[in-house]
There are 2 protein chains.
Amino acid sequence: MLLMQLTRFTDFSLRTLIYLAIQPGDEKVSLQRICDHFNMPRNHLIRVSQRLSQLGYVNSSRGQKGGLTLARKPSEINIGQVVREMENQLEPIPCEDIACPLASRCQLEGILGAARDAFLDELGKYRLSDLTQNGESILHFLRQPAYA
Amino acid sequence: MLLMQLTRFTDFSLRTLIYLAIQPGDEKVSLQRICDHFNMPRNHLIRVSQRLSQLGYVNSSRGQKGGLTLARKPSEINIGQVVREMENQLEPIPCEDIACPLASRCQLEGILGAARDAFLDELGKYRLSDLTQNGESILHFLRQPAYA
């Protein structure tokens, strides 16, 4: 449980979206290729792709020629929105879980909530297309044998 | 590992500082009293108080009449600073740990770093004294039998 560190789930989601965004054309990308590139456990990627698909970020097709493609343009995918939707716990502090006796009379929760909003608002300034401006360079790099 | 959730260590640190700040006078507060109030494991609180003491936020004395007191005025303790100092991991995403092939060509780390800074800057607007403005009310509440 680290301050402001994304869950692995959200982290993989963002990397998957970036990877799909830098593909040339509408080429489908197999789960295996994504697993290999990012060294992600396959069962994690399956959960990530299911959720991204439910949320309308990717199209997913099965079978030998199946794979993932982006369902929206990179310029239409807001990074802050992705993080809000993928993270299931956005409360900064578990006041109720520990039954804190200060609860309701303490201002800490409100202040941390404001800080969380500042974090998400900052991410909300960016779209997936902002993350892949140097897509050509990334793609070239990914094709190098060491990373094949 | 949850997004923007403080570590338990930092969480307990902030609660301990709040609790000390609302004490009347310069009364020492025993670790046991703090443990009881917040239902904190004693070994966690020992680590928290050692670190707070190292950083100059509290004075700690041993023995039967020992305990903790604030070493600075609440108006001189910045919440953003406490969080920065208590959290030992402020990198938003472990790019190197997973040996991500996008690393150094990806802008995600920079964007998440900016979001982290926005989070900490927001916290930096507050001092401990801002969190305990209604200290009287908190103290009254803490003295009620249900929380004794």
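## Two helices meeting in chain B

In this predicted model, B:Arg8, B:Phe9, B:Phe12, B:Ser13 and B:Thr16 of helix H1(B) touch B:His44, B:Leu45, B:Val48, B:Ser49 and B:Leu52 of helix H3(B). Being in contact means that the C-beta atoms, placed from the backbone, lie within 7 Å. By class, this contact has five nonpolar, four polar and one charged residues. Here Ala, Val, Leu, Ile, Met, Phe, Trp, Tyr, Cys and Pro count as nonpolar, Asp, Glu, Lys and Arg as charged, and the others, Gly among them, as polar.

H1 (residues 8-21) and H3 (residues 42-54) of chain B pack at about 70°, with axes 10 Å apart. H1(B) and H3(B) are therefore roughly perpendicular (65 to 115 degrees). Helices are DSSP runs (H or I, at least four residues), numbered from the N terminus. Axes are lines fitted to C-alpha atoms over the stretch in contact, and angles run from 0 to 180 degrees between N-to-C directions.

## The domains of chain A

Chain A has domain 1 (7-75 + 129-148) and domain 2 (78-126), with bounds from an automatic or database assignment. Their contact takes ten residues from domain 1 and seven residues from domain 2. On the domain 1 side, H1(A) gives the largest share, five residues.

Chain A averages a pLDDT of 79 (confidence in each residue, from 0 to 100). Over residues 143-148 of chain A, pLDDT stays under 50. Where pLDDT is low, the predicted coordinates should not be read in detail.

## Reading notes

Residues are numbered from 1 along each chain as its sequence is written, and chains are lettered from A in the order in which they are written. Local features need pLDDT of at least 70, side-chain atom pairs count only at 80 or more, and totals for chains, interfaces and linings use all residues.

Technical notes: Parallel < 35°, antiparallel > 145°, perpendicular 65-115°, else oblique. pLDDT = per-residue confidence, 0-100.
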